[in-house]
Amino acid sequence: MALSPKRVIHRKVQRGRIKGNATRGNELDFGDVALVALEPYWLTNRQLEAARVALNRYMNRRGKVWIRIFPDKPYTKKPAETRMGKGKGAPEYWVSVIKPGQIIFEVGGVDRAIAEGAMQLAGSKLPIKTKIAYSNDVQ
């Protein structure tokens, strides 16, 4: 199940830059335990999927997992050994813009120790530093 948008308004977008901390998507809304990004990064759909699969396998598909991000930014690339010019390359894959403080996954409905271990494993699949956050009622 590769995460990518079904339709987009613009097929190619400018790169932009990631500055500042996350102001949206930085509070636990659904689960009890969350995985929070500590670095700015473009997370690809494959990296996100690898972390999600590891998370679900660790929990033996118990509880519920919320994916709080979606890769909706097309990453374009020109073919190898192509001369300069001739326009922008074709979309290669999809990325999600991650800012520090952004919640990536939330987990609920499982024991805290299991959720913690699952988040630790999912964080190890990602190429950025992450931390585990807890809701107020679980500490």
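Colleague: As I understand it, a salt bridge is a side-chain nitrogen of Lys or Arg within 4 Å of a carboxyl oxygen of Asp or Glu. How many salt bridges does the structure hold?

Modeller: The structure holds 4 of them. Before going on: this is a predicted model, where local features need pLDDT of at least 70 and side-chain atom pairs count only at pLDDT 80 or more, while totals for chains, interfaces and linings use all residues. Residues are numbered from 1 along each chain as its sequence is written, and side-chain values use heavy atoms, with hydrogens and water left out.

Colleague: Fine. Which residue forms a salt bridge with Asp29?

Modeller: Arg68, with the closest N and O atoms 3.3 Å apart. Asp29 lies in the segment before β1 (33-37) and Arg68 in the loop between β3 (64-67) and β4, so this pair ties together parts that are 39 residues apart in sequence. Helices (H or I, at least four residues) and strands (E, at least two) are DSSP runs, numbered from the N terminus.

Colleague: And what is the link between Arg68 and Glu106?

Modeller: A salt bridge again, and the closest N and O atoms are 2.2 Å apart. Glu106 belongs to strand β6 (residues 103-108) and Arg68 to the loop between β3 and β4, so the pair ties together parts that are 38 residues apart in sequence.

Colleague: Is Glu106 buried or exposed?

Modeller: Buried, with a relative accessible area of 0%. Buried means under 20% relative accessible area, exposed over 50%, and partly exposed in between, with a 1.4 Å probe and protein chains only.

Colleague: Which residue does Glu116 meet in a salt bridge?

Modeller: Arg112, at 3.4 Å from N to O. Both residues lie in helix α2 (residues 112-125), 4 residues apart, about one turn of the helix. Glu116 is partly exposed at 29% relative accessibility, and Arg112 is partly exposed at 31%.

Colleague: Changing topic to strands. What does β5 pair with?

Modeller: Strand β2 (residues 41-44) pairs with β5 (residues 90-98) in the antiparallel sense over 4 bridges. Two strands pair if DSSP finds at least two bridges between them. Strand β4 (residues 73-77) also pairs with β5 in the antiparallel sense, over 5 bridges.

Colleague: Which residues in β5 are the bridge partners of Tyr41 and Thr76?

Modeller: Ile98 is the bridge partner of Tyr41, and Pro91 is the bridge partner of Thr76.

Colleague: Now the backbone. Where do positive phi values turn up in residues other than glycine?

Modeller: Asn60 has one, with phi near 50 degrees. Its place is the loop between α1 (45-58) and β3, and Asn60 is exposed at 51% relative accessibility. Glu81 has another, with phi near 60 degrees. Glu81 sits in the loop between β4 and β5 and is exposed at 86% relative accessibility.

Colleague: Last one. Which residues gather in the patch of positive charge on the surface?

Modeller: Arg17, Lys19, Arg24 and Lys99. Patches are made of residues with over 30% relative accessible area and no salt bridge; like charges are joined within 9 Å, and nonpolar side chains (Val, Leu, Ile, Met, Phe, Trp, Tyr) within 5 Å. Accessible areas come from the Shrake-Rupley method with a 1.4 Å probe, and for residues only the protein chains shown count as cover. Lys and Arg count as positive and Asp and Glu as negative, while His and the chain ends are not counted. The place of a charge is taken as NZ of Lys, CZ of Arg, CG of Asp or CD of Glu.

Colleague: Where is Arg24 placed?

Modeller: In the segment before β1. Arg24 counts as exposed, at 72% relative accessibility.
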